[in-house]
Amino acid sequence: MSETRTFLLEIGFEEIPASYLEPAVRPLSHWLLQYIENELTGGPDTTLKTRIYYTPRRMSVLIENLPDESLKTLKIFKGPPAKTAKDEQGNWTIAAKKFAESKGVNEKDLHIKEDENGSYVMAPKEIGGESAISILARIIPDCLQDHVPFLKNMRWPQSGKITFARPIRWICAIFGDEVVEFEFAGLKSGNLTFGHRFAHPEAITISHPDEYVQKLRDEGLVLVDPAGRKTLIVAELSKAAKKLDGALVEDNELVAEVVNLVEYPKVLTCDLGGFMDLPREVLQTALAKHQRAFVVEKNGKLIPYFLVVTNAPNLKSDLAKVWFERMAISRLEDADFFIKEDLGKGLEALVQEESRVEWI
């Protein structure tokens, strides 16, 4: 039995929309495993363990317990009838030799065997035994081209005919401590990844898949596991709300979106200022949709603060806070204007206006 190793494939790219990530990496993981089982393990293999990771700038598949080489099996190919396979002197005929050549078998290994239909020439051949690295290098480009679905794709100068949601910037592919070498979209694979765009843009060498997650966190300030990012975001939001003597207003849909917008979250507390006379639903919706911001409540009422999850571990809070507050004020002024406009017209007039709208 061959030894087993862990395989890592990471595709790095320009920031991809949050809603694109999981629907793309899951099919990639599924089909990559299918290809591996077909080519390497010879069928479904319950010992293989697959994990997926993704951030706005990368998607990764890690597969444990891959064998070093494909399964070896002896296959018997059936050829022409025995009467046409040997001449009167007992030598193999041209038909038999061509059969052996077509199957990649030495003519010395041919033999005659009888079955229920008569006597035929047989060619035994040992198949399999191909290295896992060669198989991976062959199947990965096809898998990336055919099984990473996006709502919209684009091309860029170096991509040739390859399309992707955003330009690909690096490919990290390692099997144990060896690089799986191939080319895709004008790039060569290697053992390099990159840290957080703002906090650690330098290259990071991944010597083995087992160190991938921890090394990106410690050196690159990237939490590549979406579950880990979600846990940290919820914890930091709750902590910030508690400091305001309030409680976080839960918004699971917004949390799911924010998880896929950041690589290393940092929560920022901002002042809401006025606008507390706006209806709660309007205030909460405007901040969530336009600012991806969370609100805080106390005794069932919103308090004049909001929380944002930034993608900047080394962010200077005093400088960023002003920008977020200005943007929030702009959006809330719009909401306040439209509410006053609607209230001035009255419900009956608004219903009449809507009746003239054509829905297509």
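Trainee: Which side chain does that of Glu263 meet in a polar contact of 3.1 Å?

Mentor: Please bear in mind that this is a predicted model. Glu263 lies in the loop between α7 (252-259) and β14 (266-271). Its side chain has a polar contact of 2.4 Å with that of Thr55. The polar contact of 3.1 Å joins the side chain of Glu263 to that of Arg58.

Trainee: Is Glu263 buried or exposed?

Mentor: Beyond its neighbours within four places in sequence, Glu263 is in contact with several residues, among them His196, Leu223, Arg229 and Asn311. Its relative accessible area is 1%. The cut-off for a buried residue is under 20%, so Glu263 is classed as buried.

Trainee: Which residue of β3 is the bridge partner of Gly12?

Mentor: Strand β1 covers residues 4-13, and strand β3 covers residues 58-67. These strands pair in the antiparallel sense over 8 bridges. The bridge partner of Gly12 in β3 is Arg58.

Trainee: How many of the 10 residues of strand β1 are buried?

Mentor: Strand β1 pairs with β3, and also with strand β7 (residues 168-175), in the antiparallel sense over 7 bridges. Strand β1 is largely enclosed by the rest of the structure, because the number of its buried residues is 8.

Trainee: Which residue in β7 stands opposite Glu10?

Mentor: β7 spans residues 168-175 and is antiparallel to β1. The residue in β7 that stands opposite Glu10 is Cys172.

Trainee: How far from Cys172 is the nearest cysteine sulfur?

Mentor: A search of the whole structure finds 0 disulfides. Cys172 is accordingly in none, and the nearest cysteine sulfur belongs to Cys143. A disulfide requires sulfur atoms within 2.5 Å, whereas here the distance is 17 Å.

Trainee: What is the relative accessibility of Cys270?

Mentor: Cys172 is buried, with a relative accessible area of 0%. Cys270 also counts as buried, because its relative accessibility is 0%.

Trainee: What is the distance between the C-alpha atoms of Lys230 and Ala256?

Mentor: Lys230 is found in helix α6 (residues 226-243). Leaving aside neighbours within four places in sequence, Lys230 is in contact with Val255 and Val259. Lys230 and Ala256 are 26 residues apart along the chain, and their C-alpha atoms are separated by 7.6 Å.

Trainee: What is the relative accessible area of Lys230?

Mentor: Lys230 belongs to helix α6. Lys230 is classed as partly exposed because its relative accessible area is 46%.

Technical notes
Residues are numbered from 1 along each chain as its sequence is written. This is a predicted model: local features need pLDDT of at least 70, side-chain atom pairs count only at pLDDT 80 or more; totals for chains, interfaces and linings use all residues. Side-chain values use heavy atoms; hydrogens and water are left out. Helices (H or I, at least four residues) and strands (E, at least two) are DSSP runs, numbered from the N terminus. Buried means under 20% relative accessible area, exposed over 50%, partly exposed in between (1.4 Å probe, protein chains only). A polar contact is a pair of N or O atoms within 3.5 Å; within protein, one must be able to donate a hydrogen and the other to accept it, and residues adjacent in sequence count only if both atoms are side-chain atoms. Contact means heavy atoms within 4.5 Å. Two strands pair if DSSP finds at least two bridges between them.
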